[in-house]
Amino acid sequence: MEILIALLIGVLFSVATYLLLTKSLLRIVLGTVLLSHGAHLLILTMGGLSQGAAPLLGQEAGSYTDPLPQALILTAIVISFGMTALLLVLTYRTYKAHQTDDLDQLRGRLDE
Amino acid sequence: MSNLLVVPFLLPMVVGAVLIFFAKHHRLQRIIAGLTGIALFVFSIYLTYRVYQSPEQMIHLEVGDWSAPFGIVLVGDMLSILMVLMASFVGLVCLFYGFKTIHIERERYYFYSFFFFLLTGVNGAFLTGDLFNLFVFFEVTLISSYVLISHGGKKFQLRESFKYVVMNMVASAFFLVAVAYLYAITGTLNMADLGDRVAMLDQQGIINVIAIIFLFVFGAKGALFPLYYWLPKSYYGPPAVITALFGALLTKVGLYSLIRTFTLIFNQNPAFTHTIILVLAGATMIFGVLGALSKFDIKSIIIYQIISQVGFMIMGLGVFSADAIAGSIYYITHDMVVKVALFFIAGIIIQLTGTADIRKMGGLLKKYPLLGWSFFIAAMSLVGIPPLSGFFGKFSLIVSSVGEGQYVIVGVALVVSLLNLFSMLRIFMNVFWGEETDITFALSNKQVNGLLRTVIPLIAVTIALGLGAEPAFQYVSAAADQLMNPTHYIDVILP
């Protein structure tokens with residue numbers, strides 16, 4: 001199971017890298033979103049995908065899944081959510097100010 | 001008693017939140033912000049004294065009374081508490097410079113709140129003893145920096161801060177990746193526990209890989225050689241206060257994390273990891289100073305000097321002996337002060353002349369002698385001329401590198417210092433010497449001296465650090481000894 005998920009994470013990372021290297025602002029934002037998806041899945045996988053009950057004590061199971069990575073992911077999701085919201089607004093403002101979403105034209109010249 | 005450790009980041013956090021309510025009352029905002037800045041500075045002096053006097057020279061707090069590897073610990077050892085002290089000093093000075101230079105419209109849009117949130121993140125990152133907590137404090141720092149760097153929303157700022165944000169989001173994602181791998185191998189996130197368990201592992205290969213991912217992450221935040229490309233332009237946009245604050249604090253958080261992780265956790269195979277750091281340090285110095293030489297814009301030159309100095313600060317970690325790390329710590333302390341002074345002076349010059357191009361200026365020394373000589377002292381200190389603080393950091397770094405037989409980096413450091421001298425003197429000669437040009441000065445002599453009042457303490461500190469190098473070195477040597485003996489750290493945290 002871990003190997004399958006590892007492959008999936010690899011695909012997510014490569015798509016994210018591809019998107020990050022494109023010219024359009026919005027594709028770059030999508031790239032960062034996919035990158036953080038990959039990172040979150042990786043934390044879950046690296047914590048071990050062992051069988052067990054959900055980490056709720058009321059379930060009274062013999063073994064539980066590891067609760068720590070879930071807490072880490074929850075924190076990381078909220079952070080990347082905030083970041084993405086900020087980045088989207090920034091993208092919108094940049095687009096409004098420069099009237100373009102092409103990074104080639106957003107390169108910046110020396111003589112401004 | 002050790003609850004004191006939460007104050008350096010709890011106080012700015014609470015004040016930052018309170019200031020949101022007074023966004024439209026700029027006078028009240030300034031009073032609250034100023035008093036908080038002073039309180040934070042005084043408190044961190046006291047805290048430094050407490051740590052220095054405590055029997056282990058380290059105090060720690062187990063948050064919520066959960067014992068060490070299970071809960072979050074805050075650790076104030078000698079390095080982190082020194083960093084907190086310098087961060088609150090720099091924060092205080094920037095605050096008072098900000099009162100005089102920040103436009104009132106910026107103040108109305110939560111400038112001081114984000115200023116204090118930035119300090120929260122920085123102080124928290126220095127004090128934490130937990131890897132994931134370090135990530136969270138990194139993000140607190142970064143998200144305030146995103147806002148401050150695009151604050152004002154000029155075209156240039158928007159364009160460059162987009163690149164800055166994306167770059168940092170990618171680095172943060174890789175931070176998570178590195179944490180995930182390390183957790184998979186060791187099953188812990190507490191730094192002391194990690195240091196303990198990594199030493200017991202016999203899988204050196206995977207540890208090396210994780211060490212390099214961490215080097216990538218912290219190198220990207222601290223502007224090391226191949227990863228500094230985002231810094232020059234994105235730091236150019238915001239006003240001088242914010243650039244000074246970023247130049248003094250943000251890169252230092254990356255460097256502090258590098259020093260912390262590579263002395264505590266990844267200290268098993270220095271022949272591999274620390275050699276890479278040394279090579280990167282040399283390349284960072286060279287490329288930074290070349291950038292500084294290629295520019296005629298005073299702010300750009302000093303921004304490239306940030307990159308060049310990062311190389312010196314990380315060189316001590318690459319050499320990896322107690323003396324070299326002591327030199328690095330001293331250099332970081334000195335650089336925080338001098339870099340802020342230089343940015344303030346550059347800000348004053350730009351405000352005064354209305355241009356940033358040094359070719360268009362000339363003869364400022366005659367009319368503004370105090371400005372000229374403050375710049376001269378700060379520049380000489382940056383380059384490392386003997387009575388000033390920059391000399392002792394470089395001296396200790398170079399002597400210890402010779403002692404370890406790292407002659408190449410010594411050669412690079414000496415040549416780069418010479419080029420640094422050239423680039424700083426070029427500013428001094430163009431701006432302060434020569435014929436007066438037909439620039440109309442926007443400020444009177446009195447106004448300039450008023451702005452300089454915040455620069456004088458910085459100049460005084462760099463002179464004091466230079467003249468008082470003996471006690472300062474006793475302190476940083478003790479801090480470096482602590483770093484080189486991670487077992488002491490581990491024993492204190494995990495009894």
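**Close-up views of a predicted model**

**View 1. Packing of helices α13 and α18 in chain B.** In this predicted model, helix α13 (residues 298–319) of chain B packs against helix α18 (residues 407–431) of chain B at an angle of about 160 degrees. Their axes are 11 Å apart. Angles over 145 degrees count as roughly antiparallel. The pair α13(B) and α18(B) is therefore roughly antiparallel. The crossing of α13(B) past α18(B) is left-handed.

**View 2. Residues at the contact of α13(B) with α18(B).** From α13(B) come B:Ile298, B:Ile301, B:Gln305, B:Ser308, B:Gln309, B:Phe312 and B:Met315. They meet residues of α18(B), among them B:Ile409, B:Ala413, B:Val416, B:Asn420, B:Met424 and B:Ile427. B:Ser417, B:Ser423 and B:Arg426 of α18(B) also take part. By class, this contact has 9 nonpolar, 6 polar and 1 charged residues.

**View 3. The interface of chain B with chain A.** Here 32 residues of chain B are in contact with 37 residues of chain A. The two chains bury about 3000 Å² between them. Carbon and sulfur atoms account for 81% of that area. Which three residues supply more of the area that chain B buries against chain A than any other three? They are B:Arg159, B:Phe162 and B:Tyr183, with 23%.

**View 4. Confidence in the prediction.** The mean pLDDT of chain B is 90. In chain B, 100% of residues reach 70 or more. The model scores ipTM 0.94 and pTM 0.94.

Definitions and conventions:
Residues numbered from 1 in each chain as written. Chains lettered and ligands numbered in written order. Predicted model: local features only at pLDDT ≥ 70, side-chain atom pairs only at ≥ 80, totals over all residues. Heavy atoms only, no water. Axes fitted to C-alpha atoms, helices over the stretch in contact; angles between N-to-C directions. Helix = DSSP H or I, 4+ residues; strand = E, 2+ residues; numbered from the N terminus. Parallel < 35°, antiparallel > 145°, perpendicular 65-115°, else oblique. Left-handed = near helix turned anticlockwise from the far one by under 90°. Contact = heavy atoms within 4.5 Å. Nonpolar A, V, L, I, M, F, W, Y, C, P; charged D, E, K, R; others polar. pLDDT = per-residue confidence, 0-100. Buried area = accessible area lost by both parts, 1.4 Å probe.
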